[in-house]
Amino acid sequence: MAVRQAIKNHQQEQRLFFSRAVIMVLVVLILVGTLATRLTFLQVVNYSHFTTLSQNNRVRLEAVPPPRGLIYDRNGVVLAENRPSYQLEITPEQVRDLEDTLARLTDLLSLEEAEITRFRRELRGKRPFQAVPVKLNMSDEEVAIFAINRHLFPGVDIQARLARHYPLGEEMAHVVGYVGRIDERELARIDRRNYSGTTHIGKIGVERFYEDVLHGRVGYQKVEVNAQGRVLRVLEREAPVPGRDLVLSLDVGLQAAARRALEGRNGAVVAMDPNTGEVLALVSKPSFDPNLFVHGIPASVFNELRNDRYQPLFNRALSGQYPPGSTIKPIVGLAGLEAGVTTAARTMFARGYFQLPNDDRRYRDWRREGHGLVNLDKAIAQSSDVYFYDLGVRMGIDRMSPFLGQFGLGQVTGLDTTGERPGLLPSREWKRATQNMPWFPGETVITSIGQGYMLATPLQMASMTSTIATRGERVRPHLLRGIIDPVSGDLRLHETEWLTPVQVSRPEHWDQVIQPMINSVHRSNGTAYWSTGRFIRGYTLAGKTGTAQVFGLAEDEEYDEEGLAKHLRDHALFIGYAPAEAPRIAVAVISEHGGSGGRVAAPIAREVIDYYLLREER
């Protein structure tokens, strides 16, 4: 008989289904509970934290660099200004493939290797969210090309910035200086927070010396950005504090007159007000265009400037150290009067050479036949070397050197700029310390006419001349005339800094060296009369010519200027001030390899002084 089998068990199926449903409900409840717990943690417990993160995804804090202060001359002529300029910037954290972006930008805008190298160098000192410029001073065409392709370069954008510009170019380059890109050494010394967003800093000259005044204080703004990093709107803004404007003591017209006077020659001219220390003109030729350095000078152009045989980058007025030659004879004469080894009335026969006792060597006078019977007046006016050889030996280096040091020789003047060198005032102690050798009497002989070891800058010679003009009153030379108050617009004048004066035992000693300086220019036997003095109208000039040897001559060898290569010819020098009775301007001139100071340097000084004193009559 067949066995009957049950096909379905409905009760068992219901129990199985019910148990599975319960498990599923429990799993769902657990998952929902877990999700609810996590949501509570995220939205309640950590609400503040994640709100801040969300804000940071669309709100960015940007530095707002301050406008750099302007620089004017004493008459309001702009020497350094800010002009609108466009630059291409990359924000690293918004760029997925930096190398690919740089490659495509190079194809699009023809980036130079130097620009990419500079970008990589600056990138190392920046945070990922800080924009780094890759191309400066973009042309209108470059701006248009990138604007069309902007959508292809996320994290790259054009920013409008203010760029430094020097309207007078090379005319003021050695004084005003220039700004350039901030390098790694400068990053180590500046306040990085205050330079956030700033790409340039003063490199040399007034721009460097007064960097803290010109820079200002950085501002900040909170901006809302989209997913590509582009700014949608400004949410908050703290305005930057602009740098303060400077007014310099320089006179652009006088500066131009000095450059014209030096036309065709290399050298320097420094003019200053002897009563206040204000530097009125400071010229070094040849010069260069400082605008080349603002946006990064091409290596080929820089190498051309650096290797130029005439050294246009070299500031001769501050860094050029030259033998002052006969320009120091007035103060050597004053030193002799003060030491009591000579008087104005003392005379001697100055033949064509001088000899030390028991020494066969002859120290020759520039005038081969000599000057005959001379006193102090004639010795200065006609520049008798033999008179001063004798005076130097009578006085000795131990009395001469300290006295000359009172006029600022052998030390920096402290001018408010960069690059000044101290020159050299030799002494017995100096030679022992630097050469471990004794001082020889023959070295005293040549030091007394500003040769040998002695070196001075044109600025030092101008300062020395100012001290003579004021009869011993000394003031520190300065370029800053004042700072313009950013609120009131008033000019806060620079205070004159008085230095230790040159004390003399008898006031008439000043007259006994100043009158010969006048005679040197205005008497027919003076060294500057025929080239300069006879053409002067309207004022009296007190001056002294000088000629500095570039190489030594053998004892019986004659100096033949025409037969020498130009670079072996003597330097031509002149110092002077005017009007002699009430000084308003003191000038020092050097014409490198110019030859005679009376024939070459004195007329240059006269042109400068004529412009300053007589321009109102023209």
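**A guided look at the model**

Modeller: Let's begin with the record: an unreviewed UniProt entry places a "transmembrane region" at residues 21-41, with positions in the numbering used here and annotations that may be inferred rather than shown by experiment. This is a predicted model, where local features need pLDDT of at least 70, side-chain atom pairs count only at pLDDT 80 or more, and totals for chains, interfaces and linings use all residues. Residues are numbered from 1 along each chain as its sequence is written, and side-chain values use heavy atoms, with hydrogens and water left out.

Biologist: How far apart are the end C-alpha atoms of residues 21-41?

Modeller: Helices here are DSSP runs of H or I with at least four residues, and strands are E runs of at least two, numbered from the N terminus. Residues 21-41 are 100% helix and 0% strand. Their end C-alpha atoms are separated by 30 Å.

Biologist: And what is the end-to-end C-alpha distance over residues 95-122?

Modeller: The unreviewed UniProt entry annotates residues 95-122 as a "coiled-coil region". In the model this stretch is 79% helix and 0% strand. Its end C-alpha atoms are 16 Å apart.

Biologist: How are helices α14 and α17 oriented to each other?

Modeller: The axes of α14 (residues 329-339) and α17 (residues 397-405) come within 10 Å and cross at roughly 120°. Axes are lines fitted to C-alpha atoms, for helices over the stretch in contact, and angles run from 0 to 180 degrees between N-to-C directions. Angles under 35 degrees count as roughly parallel, over 145 as roughly antiparallel, 65 to 115 as roughly perpendicular and the rest as oblique. The two helices, α14 and α17, are therefore oblique.

Biologist: Which residues of α17 make the contact with α14?

Modeller: Contact means heavy atoms within 4.5 Å. On the α14 side, the residues are Ile331, Val332, Leu334, Ala335, Glu338 and Ala339. On the α17 side, they are Arg399, Met400, Phe403 and Leu404.

Biologist: What covers the buried residues of α17?

Modeller: Buried means under 20% relative accessible area, exposed over 50% and partly exposed in between, with a 1.4 Å probe and protein chains only. In α17, the buried residues are Ile397, Met400, Ser401, Phe403, Leu404 and Gly405. Their cover includes α14, α16 (385-395), α18 (428-435) and α19 (441-447).

Biologist: Does glutamate 592 count as buried or exposed?

Modeller: Glutamate 592 sits in the loop between β23 (585-591) and α22 (597-614). Leaving aside neighbours within four places in sequence, glutamate 592 contacts Asn266, Gly267, Arg316, Tyr322 and His571. Its relative accessibility is 14%, so glutamate 592 counts as buried.

Biologist: Is glutamate 304 buried or exposed?

Modeller: Glutamate 304 belongs to helix α12 (residues 299-306). At 59% relative accessibility, glutamate 304 counts as exposed.

Biologist: Which strands stand at the edges of the open sheet?

Modeller: The five strands run in the order β12-β11-β23-β22-β21, with antiparallel pairing; two strands pair if DSSP finds at least two bridges between them. An edge strand has a single partner, so one side of it is left without a neighbour in the sheet; these strands are β12 (279-285) and β21.

Biologist: Which residue of β22 is the bridge partner of threonine 547?

Modeller: Strand β21 (residues 542-548) pairs with β22 (residues 571-578) in the antiparallel sense over seven bridges. Alanine 542 stands opposite tyrosine 577 in β22. For threonine 547, the bridge partner is alanine 572.
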